[in-house]
Amino acid sequence: FGLIHVAALLGAAAVQRVSSANCPTVNAVKMDEVILSQIEFPATLSLNWSASMTLNETVDKPYISQFMVTVGGDVKDKKAHSMMTALMLANDNIFSKVAESGYSEAKVNIRILDSVKEVPLTFTVSDLTGNCPSSTARFEQYVYAQHIPLAPLCTVLFLAPLTREVYFALGFGGIIGTWILERDLWLAFLRYFDTALTSTIQGGFSKILLFMWLLGGVGGAAIRSGGVKGMGEKAAGLIRDSFLGQLVVYMMGFVIFMDDYANTMIVGTALRPVTDLVRVSREKLSFIVDCTASPIAGVMPLSTWIAHEITQIDVGLKAVGYTKDSAYLLFLESIPYRFYSWFMLIFVLVNILMGRDWAFMYWAEMRARETGEVSEGVVPKVADADAVVDAEVEDKKKPDLAQCGYTLLQTPVHVEVCVKPGIPCRWWNAIIPFFGLVAMFLPLLFYNGAEQNNGGVGWDQNSRDIIGNADSWATLHWVGGFTLLLQMFVYAVQYDEKWGGCLLHPRETIDAAMNGGIMYFKGGIALLLAFAYADTVKALHVSKWLIDGLGDTSEAGLPPLVFILCAIFALATGTSWGTMTVFMPAVIPLAIHVGGMDNKQLLTTTISAVLGGAVWGDHCSPVSDTTILSAASSQVSLFDHAKTQLPYAFFVGLMAICLGFAPAGGGVPAGVCILFGLICVPVFHYGISCIPKFGGPVGIYDPGTGGITGQGLTGAATSIKSLAKAAKRLSKIGIEPEPVAPPLKQDEQRI
């Protein structure tokens with residue numbers, strides 16, 4: 001039942017009876033297009049209040065009219081009700097004031113028991129005082145089974161490892177979700193291709209895709225100019241082994257802290273040639289890239305995440321009228337409680353320093369060290385100084401097509417831009433654009449927030465407000481375009497007749513950039529399928545299914561439960577930002593309900609649990625945008641990246657629950673919880689890696705000696721000490737120009 005209480009101070013004539021001409025009539029009933037059985041959904045009744053009556057005189061006592069909403073049909077908890085009250089002054093238009101106060105609509109939360117068919121319901125509004133006649137409206141809608149939102153997720157999680165083809169799994173999962181929504185397989189097939197995919201392209205996906213292609217263009221031009229090869233050979237003197245290669249990737253994650261997408265794409269693209277030389281598997285490269293990007297962006301007080309996080313926190317605070325602290329202050333106070341992000345950063349560093357791995361990552365790393373296969377079937381041709389492109393193992397004896405004038409090489413597992421023959425490989429031709437990419441981002445981000453986005457907030461505002469107003473995607477697109485222009489200029493001014501003129505003519509730079517964008521085509525397709533799949537899962541209300549499972553919980557149990565539910569949602573949808581949007585407004589009122597207004601630690605821990613669970617599910621999900629981008633920038637199979645990262649992400653998530661969110665929810669300070677993590681994460685990681693044939697030490701490979709030079713902490717210490725000696729040798733490294741390509745035969749064609 002829903003009770004609508006309307007209290008008004010009325011005249012004496014009105015006290016006796018309210019005319020039927022002044023009573024509510026139910027015009028229509030609205031509910032969500034997708035309703036799940038056993039899950040609470042709101043029903044909105046549209047009320048029409050007729051013309052007002054005239055008050056002849058006033059009295060001191062109020063007149064109270066009680067309206068009851070009765071729901072007829074197969075519903076649960078019929079005794080549940082919602083209350084609404086309005087106070088009116090004498091000589092006022094009563095019912096128009098009621099409508100203005102928000103009573104043109106009434107909401108009743110119901111749980112429908114029946115499912116998998118059209119379920120009829122009736123909604124009757126009646127006056128308990130008998131002053132108004134009853135008004136009834138009928139409502140009928142299809143009700144889905146309670147657990148149907150899990151069907152697309154289970155489809156993807158089942159097909160991905162079974163077929164080892166994420167594209168098929170994502171596409172099939174999306175079609176299954178569309179089939180459930182349409183309830184017709186033929187229509188589902190049509191709507192998936194003519195609506196789901198096209199609407200995805202028109203949305204935020206297009207911004208990601210444009211940045212991927214712009215950054216791929218920057219990388220392609222840098223490779224074509226010989227800069228990436230020169231950087232790899234130059235860095236080989238400094239990053240002389242696999243330990244230093246991993247450590248530099250980790251540290252670069254902190255340098256590009258402003259945005260997780262920029263971090264993922266720039267670090268993976270720039271350092272992949274270097275890690276290939278020192279035999280770090282691309283699975284390990286993509287893991288380090290992925291598991292530093294989001295955690296760092298999430299804990300930094302200045303990043304592209306801040307605006308979205310603060311907005312969602314503010315929505316939750318306003319829902320319960322919390323005014324003790326601002327959303328930004330709670331955001332800052334929640335940073336120490338983001339245990340998953342902190343523990344993941346600790347774990348990645350410990351993993352590198354210890355030189356120990358386990359599960360799929362251990363086998364991938366051992367394959368890379370022993371055979372040189374940085375990815376399954378791919379070995380960098382480090383033995384051939386004139387070839388830096390990757391090729392499959394079985395193609396090693398074939399002639400190097402890069403020397404035949406080809407711009408782009410493609411194998412069944414890999415696409416790579418070739419170095420232009422006959423030019424010197426100068427390392428600064430890669431460093432200048434990549435450094436410019438990073439250096440331009442933050443100033444342009446401030447410029448966007450102060451001057452451009454939504455008219456700008458002005459330079460007199462503080463950094464938080466300027467960054468909060470900035471459009472990070474627009475800034476990333478600016479940076480990509482400016483960097484391509486920078487490359488065209490830098491490569492054109494380097495001129496020598498021996499090379500045939502410019503290092504790269506502007507036309508050649510553009511051509512290389514276009515081919516560089518092709519390297520990310522598969523990643524773009526995976527993102528498209530992932531976004532379309534995620535939209536169907538959201539439309540099936542997986543968020544309501546998860547929130548309904550919260551129920552009653554204790555203070556210590558609330559943050560872990562929120563963390564797990566957010567992780568499941570992020571795993572299903574592949575979006576950390578979407579997870580924050582769905583759960584933050586829902587769990588903040590719950591945290592205040594459980595702990596009260598004065599329990600700030602529970603509130604900040606719960607806020608952190610939403611953010612931590614979002615990042616954790618993002619790391620575990622094969623449909624996550626950052627997971628796909630990490631695999632694309634590292635040029636590794638999405639399936640191989642997901643399967644090697646999943647055990648590590650699951651381990652850190654479990655540590656965050658047991659050592660962080662559960663104790664902090666019970667009142668343990670954040671510093672103590674992080675100290676627990678500093679001690680226990682390395683200990684448990686070492687213990688798991690000692691399981692025979694499941695884990696163990698991975699040696700440090702030095703391409704200079706062509707073998708393993710050490711392992712573990714002692715090997716890491718020796719590697720660090722050798723940095724000074726390696727730096728002295730850098731000036732002695734010479735890079736010879738590539739030989740000019742022989743002329744092509746008449747039946748051959750350059751790509």
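In the predicted model, Lys-76 stands opposite Arg-111 of strand β8, and β8 (residues 105-112) pairs with β6 in the antiparallel sense over 2 bridges; two strands are taken to pair if DSSP finds at least two bridges between them. Both strands belong to an open sheet of 4 strands with antiparallel pairing, in the order β2-β4-β8-β6. Because β2 (24-30) and β6 (75-76) stand at the edges with a single partner strand each, one side of each is left without a neighbour in the sheet. Strands (E, at least two residues) and helices (H or I, at least four residues) are DSSP runs, numbered from the N terminus.

Residues are numbered from 1 along each chain as its sequence is written, and side-chain values use heavy atoms, with hydrogens and water left out. As the model is predicted, local features need pLDDT of at least 70 and side-chain atom pairs count only at pLDDT 80 or more, whereas totals for chains, interfaces and linings use all residues.

A search of the whole structure finds 11 salt bridges, a salt bridge being a side-chain nitrogen of Lys or Arg within 4 Å of a carboxyl oxygen of Asp or Glu. Arg-367 forms one of them with Glu-283, where the closest N and O atoms are 2.9 Å apart. Since Arg-367 lies in helix α14 (residues 360-371) and Glu-283 in helix α10 (residues 282-299), the pair ties together parts that are 84 residues apart in sequence. Arg-367 and Glu-283 are both buried, the term buried standing for under 20% relative accessible area, exposed for over 50% and partly exposed for values in between (1.4 Å probe, protein chains only).

Another salt bridge joins the side chains of Lys-284 and Glu-365, with an N to O distance of 3.8 Å. This pair, too, links distant parts of the chain, with Lys-284 in helix α10 and Glu-365 in helix α14, 81 residues apart. Lys-284 counts as buried at 1% relative accessibility, and Glu-365 is buried with a relative accessible area of 0%. A further salt bridge is formed by Lys-600 with Glu-333, the closest N and O atoms lying 3.7 Å apart. Because Lys-600 lies in helix α23 (residues 600-620) and Glu-333 in helix α12 (residues 327-334), this pair ties together parts that are 267 residues apart in sequence. Lys-600 is partly exposed, with a relative accessible area of 28%, and Glu-333 counts as partly exposed at 26%. Salt bridges that share partners also join Lys-284, Asp-357, Glu-365 and Arg-369 into one network.

Backbone geometry was examined next. Most residues other than glycine have a negative phi. Ala-359, although not a glycine, has a positive phi of about 65 degrees; Ala-359 lies in the loop between β11 (356-358) and α14 and is buried, with a relative accessible area of 5%. In Lys-693, likewise a residue other than glycine, phi is positive and near 60 degrees. Lys-693 is placed in the loop between α26 (670-689) and β18 (695-697) and is exposed, with a relative accessible area of 79%.

Helix α25 (residues 638-665) contains a kink of about 40 degrees centred on Ile-657, the bend at a residue being the angle between axes fitted to the seven residues ending there and the seven starting there. Of the 28 residues of α25, 22 are buried, so the helix is largely enclosed by the rest of the structure. The N-terminal end of α25 is capped by Ser-637, a side-chain oxygen of which lies 3.3 Å from the backbone nitrogen of Phe-639. Following α25 is Gly-667, with a positive phi near 110 degrees.

Val-479, in helix α17 (residues 472-493), is buried with a relative accessible area of 2%. Apart from neighbours within four places in sequence, Val-479 is in contact with Leu-437, Met-440, Phe-441 and Leu-444. Thr-536, in helix α19 (residues 521-539), is buried with a relative accessible area of 5% and, with neighbours within four places in sequence again left aside, is in contact with Gly-174, Gly-177, Thr-178 and Leu-181.

Key:
A polar contact is a pair of N or O atoms within 3.5 Å; within protein, one must be able to donate a hydrogen and the other to accept it, and residues adjacent in sequence count only if both atoms are side-chain atoms. Contact means heavy atoms within 4.5 Å.
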